[in-house]
Amino acid sequence: MITLYELHWSHYCEKIRLALHYMGLKWCMVGIDAFNKSQLHEHPLPAHLPGHTVPAIHDARTGRFVMDSTPILRYLAANYPEAPNLFPGDQTNREAIDAKLVEFDTLLGIPARRFGYTQVILECPDLLADLFLSHRGRGLFSAPVLRSVAGACLGILLSKRFAFHRSESLGLYEALEAYLLQLAAQLEGRAFIVGDMFSAADIAFAAQIRPLTVVPFFAEHPRLQGLFERHLQTIARCGGESHFLYQTGIANARKHKPPVRRRLRTLTASLPFQSHGDLSANDQNHIWTWGMLAMPFHYFVSLRSGKVRQHLATANVR
Ligand SMILES: N[C@@H](CCC(=O)N[C@@H](CS)C(=O)NCC(=O)O)C(=O)O
């Protein structure tokens with residue numbers, strides 16, 4: 001039996017759930033405590049990671065513990081050769097799939113997470129209390145005022161961890177848009193991301209684009225609709241969940257208030273994340289540094305600059 005350690009809403013974890021389902025393996029999941037990650041401490045930290053992250057798996061059959069989503073997919077394919085193949089085809093095809101996994105982890109997974117969380121913060125930050133604290137405090141954090149205070153505190157911590165407030169100055173939205181437009185053009189008329197067979201690359205893409213479904217700048221982009229359809233098809237094919245808690249939370253919030261959109265800008269930027277050989281980049285910053293003192297300002301002011309509440313997109317706002 002394989003145990004998957006996870007945070008359920010994480011798109012890196014969803015990637016592994018979809019792969020396990022696709023492969024038809026026996027597995028169970030253990031939700032970790034995002035603050036102390038106590039469930040992971042008994043396992044060694046891989047040399048290439050600065051701290052424990054999820055997804056991580058423990059395989060009782062082999063006794064192996066693997067952390068980091070792409071190494072997990074490689075492990076599953078190598079150790080369960082009789083299951084549907086995540087890396088099908090010849091050597092060239094397999095290498096191309098592997099390269100796409102590292103590319104998606106780095107160039108799609110990182111900014112998509114930043115934009116997804118940012119959207120939650122801008123539209124319904126209380127949801128963060130539901131995501132991170134539902135198992136703590138005997139339901140105390142679902143009480144109205146505490147939920148809002150906890151949501152704002154978590155939003156500040158997460159902003160420090162992932163530098164959400166830097167997205168606009170780095171031109172990250174435009175950089176990811178350029179990357180996705182190029183990907184959409186490459187995939188035009190093609191059923192699969194690599195070669196002519198379904199693979200781990202399709203699974204990774206479907207999971208890692210999910211946070212962007214709540215970000216109007218991407219979700220309503222006229223030239224990116226094919227990518228979102230691809231996401232839905234793959235999720236359905238691998239028995240994934242159609243909606244996550246943050247998606248329904250945002251959809252409900254939009255019944256009462258218009259979505260938060262961005263003022264469009266014309267600028268050229270490239271994604272500043274780089275993989276390390278066959279390992280993807282990670283973007284976690286230390287939380288408790290002096291920079292934390294500026295975070296309330298960034299959370300309440302910088303993060304909101306260039307954003308507008310508006311029901312429909314216009315020529316200048318999406
Ligand atoms: N490159 C890693 C990224 C994993 C990652 O960043 N996981 C997040 C959840 S989405 C995490 O565990 N964060 C813990 C933390 O920030 O301390 C992978 O592909 O698995």
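**Helix packing, sheet and ligand**

Mentor: Gln119, Val120 and Glu123 of α3 are in contact with Tyr246, Ile250 and Ala253 of α10. Please bear in mind that this is a predicted model.

Trainee: How do the residues of that contact of α3 with α10 divide by class?

Mentor: The contact of α3 with α10 is made up of four nonpolar residues, one polar residue and one charged residue.

Trainee: And the geometry, at what angle do the axes of α3 and α10 cross?

Mentor: Two packed helices are described by the angle between their axes and by the distance between the axes. For α3 (residues 91-123) and α10 (residues 245-256), the axes cross at roughly 35° and come within 10 Å. The crossing of α3 past α10 is left-handed.

Trainee: Let us change topic. What is the strand order in the open sheet?

Mentor: The open sheet has four strands in the order β2-β1-β3-β4, and the pairing is mixed. At the edges are β2 (27-31) and β4 (64-67), each of which pairs on one side only. From one strand to the next, the twist averages 20°.

Trainee: Do take me through β3. Is its pairing with β1 parallel or antiparallel?

Mentor: β1 and β3 run antiparallel and are joined by four bridges. Within this pair, Thr3 stands opposite His58 of β3.

Trainee: What about the other neighbour, how many bridges join β3 to β4?

Mentor: Strand β3 (residues 56-59) is joined to β4 by four bridges, and these two strands also run antiparallel. His58 has Phe65 as its bridge partner in β4, while Ala56 is partnered there by Met67.

Trainee: What lies between β3 and β4?

Mentor: β3 and β4 form a hairpin, with four residues between them. In the turn, Gly63 has a positive phi of about 75°.

Trainee: Now the domains. What does the domain assignment give?

Mentor: The assignment gives domain 1 (2-79) and domain 2 (94-309). Their centres, taken over C-alpha atoms, are separated by 21 Å. At the contact, 16 residues of domain 1 meet 25 residues of domain 2.

Trainee: Which elements give two or more residues to the side of domain 1 that touches domain 2?

Mentor: Those elements are α1 and α2 (69-79). The largest share, eight residues, comes from α1. By class, this side of domain 1 has eight nonpolar, six polar and two charged residues.

Trainee: Last topic, the ligand. Why does it lie between domain 1 and domain 2?

Mentor: The shell around the ligand receives residues from both domain 1 (2-79) and domain 2 (94-309), so the ligand lies between them.

Trainee: Which residues come nearest to the ligand?

Mentor: There are 15 residues around the ligand, and Ser10, Tyr12, Thr53, Val54 and Ser69 come nearest.

Trainee: How many residues of each class does the shell around the ligand have?

Mentor: The shell has four nonpolar, eight polar and three charged residues.

Methods
Residues are numbered from 1 along each chain as its sequence is written. This is a predicted model: local features need pLDDT of at least 70, side-chain atom pairs count only at pLDDT 80 or more; totals for chains, interfaces and linings use all residues. A residue is near a molecule or strand if its C-beta atom, placed from the backbone, lies within 6 Å of it. Ala, Val, Leu, Ile, Met, Phe, Trp, Tyr, Cys and Pro count as nonpolar, Asp, Glu, Lys and Arg as charged, and the others, Gly among them, as polar. Domain bounds come from an automatic or database domain assignment. Two strands pair if DSSP finds at least two bridges between them. Axes are lines fitted to C-alpha atoms, for helices over the stretch in contact, and angles run from 0 to 180 degrees between N-to-C directions. A crossing is left-handed if the near helix is turned anticlockwise from the far one by less than a right angle, and right-handed if clockwise. Two residues are in contact if their C-beta atoms, placed from the backbone, lie within 7 Å.
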